[in-house]
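Here's a walk through one protein model, written for someone who likes geometry with the cut-offs spelled out. Have a look at the sequence and the structure first.

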Amino acid sequence: MWAVIEQFMAFNDPMLPTLSARQARMTHSVTDAVNALLAKNDRSAPSAAVAVSQMVLPKAYTAASAPDGVPVRVYTPTAAATGARPAIVYYHGGGWVIGSLAVYEPSAKALAERTGAVVFSVDYRLASETANKFPAAHEDAYAAYKYVRDNAATLNVNPAKIAVAGESAGGNMAAAVCILARERGLALPVHELLVYPVADNNLNTASYNTYANAVPLNRPNIQYFTGLYFNTPADGDNRLISLVDVADLKGLPPTTIIAAEIDPLQTEGQLLRDKLTAAGVTTTYQLYTGTTHEFFGTYAVVPLANEAQDFAASRLKMAFQ
């Protein structure tokens, strides 16, 4: 893990708050650090037995989704399957501002291969100084889930075995999709996998104070992301952002939360676990000590990330039974 963080820091990119949103999206990622380490050590990333394809949701598939449609990358396991496969609708991280399907492809591929499910990785709208403000990304996330559910037969997925998953801001959206589905009368997923999710609007929690300057995620970066995605600071108190103190969590699907230790979001992940449990939601929480935010996709070099991927896959496969 430390080797990954050292490599990430060695790129010496400008601090995100000094950049425009467009410039921020051009900086290096933790995935770039992993790939650089592999190259330095004459190793290649583990190959995944998945076929990759692309599609675009219909324009404005739901009332508030992208008017030009939402691109989705589809990861289909190549191993033989009997009948329709389970599905995972997956949301990448990046604070609703950065991140991409490519940066988070290691996670999407691993989830597909290890669960046997088709993974739909959603290229939701990213915020800039003037466009795609809250709840644009959340509405695209909901539209993608609704599309997979509405078109399960065409997509050859089992409508009774659809889960949602996401990392960081994507973990927040996976939970928000469940809330929106409940509110809008759409069948809920069978499981939600939340990897170090954004779950609160409090930047003074214990972990925020302990890891205020952590790498790759720190308090200034969160302030930068929310400053771009929120229309006003009040958006942070919306039920879709403040899951732990505003949202009604009753009736949400069984939940798995994967947490990193060296992460400003650690405390809110614990609070979300407690709030879900109090709301009667079956919740499994796993903290990986010694790991940082963004560790989940680093399994090519970080053994704990490989363990976390296996754990996540085991939880999803149980939900699909």
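Glu-294 is buried, with a relative accessible area of 17%; buried here means under 20% relative accessible area, exposed means over 50%, and partly exposed is in between (1.4 Å probe, protein chains only). Before going on, some ground rules: this is a predicted model, where local features need pLDDT of at least 70, side-chain atom pairs count only at pLDDT 80 or more, and totals for chains, interfaces and linings use all residues. Residues are numbered from 1 along each chain as its sequence is written, and side-chain values use heavy atoms, with hydrogens and water left out.

Back to Glu-294: its phi is near 75°, a positive value in a residue other than glycine. Glu-294 sits in the loop between strand E8 (283–292) and helix H11 (303–320). Helices (H or I, at least four residues) and strands (E, at least two) are DSSP runs, numbered from the N terminus.

Tyr-196 is another non-glycine with a positive phi, about 30°. You'll find Tyr-196 in the loop between strand E6 (192–195) and H8, and at 2% relative accessibility Tyr-196 counts as buried. For background, most residues other than glycine have a negative phi, and most peptide bonds are trans.

The peptide bond from Phe-134 to Pro-135 is cis, with omega near 5°, and Pro-135 belongs to the loop between strand E4 (118–122) and helix H5 (136–150). Val-215 and Pro-216 are also joined by a cis peptide bond, with omega about 10°. Pro-216 lies in the loop between helix H8 (206–210) and helix H9 (219–229).

## Rings and charges

How many aromatic pairs does the structure hold? There are 9. Rings of Phe, Tyr and Trp (its six-membered ring) pair if their centres lie within 6.5 Å; planes under 30 degrees apart are stacked, over 60 edge-to-face, and the rest tilted. Two of the tilted pairs are set out here:

| Pair | Centre to centre | Angle between planes |
|---|---|---|
| Tyr-229 and Phe-230 | 6.3 Å | 45° |
| Tyr-288 and Phe-295 | 5.6 Å | 45° |

Tyr-229 is buried at 0% relative accessibility, and Phe-230 is buried at 6%. In the other pair, Tyr-288 counts as buried at 6% relative accessibility and Phe-295 at 0%. Ring pairs also link Trp-96, Phe-134, Tyr-229 and Phe-230 into a cluster.

A charge sits over a ring if NZ of Lys or CZ of Arg is within 6 Å of the ring centre and within 35 degrees of the ring normal. Arg-184 lies over the face of Tyr-142, at 4.6 Å from the ring centre, and Arg-114 lies over the face of Tyr-299, at 5.1 Å.

## Helix H7

Helix H7 covers residues 169–184. The expected span of a helix is 1.5 Å times one less than its number of residues; for the 16 residues of H7 that gives 22 Å, and the end C-alpha atoms are 22 Å apart, which agrees. Is H7 enclosed or open? 13 of its 16 residues are buried, so H7 is largely enclosed by the rest of the structure. After H7 comes Gly-185, with a positive phi near 75°.

## A loop threonine

Where is Thr-27? Thr-27 is in the loop between helix H2 (21–24) and helix H3 (30–40). At 19% relative accessibility, Thr-27 counts as buried. A polar atom of the Thr-27 side chain lies 2.7 Å from the backbone oxygen of Ala-24. Setting aside neighbours within four places in sequence, Thr-27 is in contact (heavy atoms within 4.5 Å) with Asp-13, Leu-16, Leu-19 and Asp-32.

## The whole chain

Zooming out, the protein has 11 helices and 8 strands. The radius of gyration, taken over C-alpha atoms, is 18 Å, close to the 20 Å that the globule rule gives for 321 residues, so the protein is as compact as a globular protein of that length. That rule is 2.2 Å times the number of residues to the power 0.38. Along its principal axes the C-alpha trace spans about 50 × 50 × 40 Å. Of the 321 residues, 57% count as buried. Among contacts between residues at least 6 apart in sequence, 77% join residues at least 24 apart.

Definitions and conventions
Polar contact = N/O pair within 3.5 Å; in protein donor to acceptor, adjacent residues only side chain to side chain.
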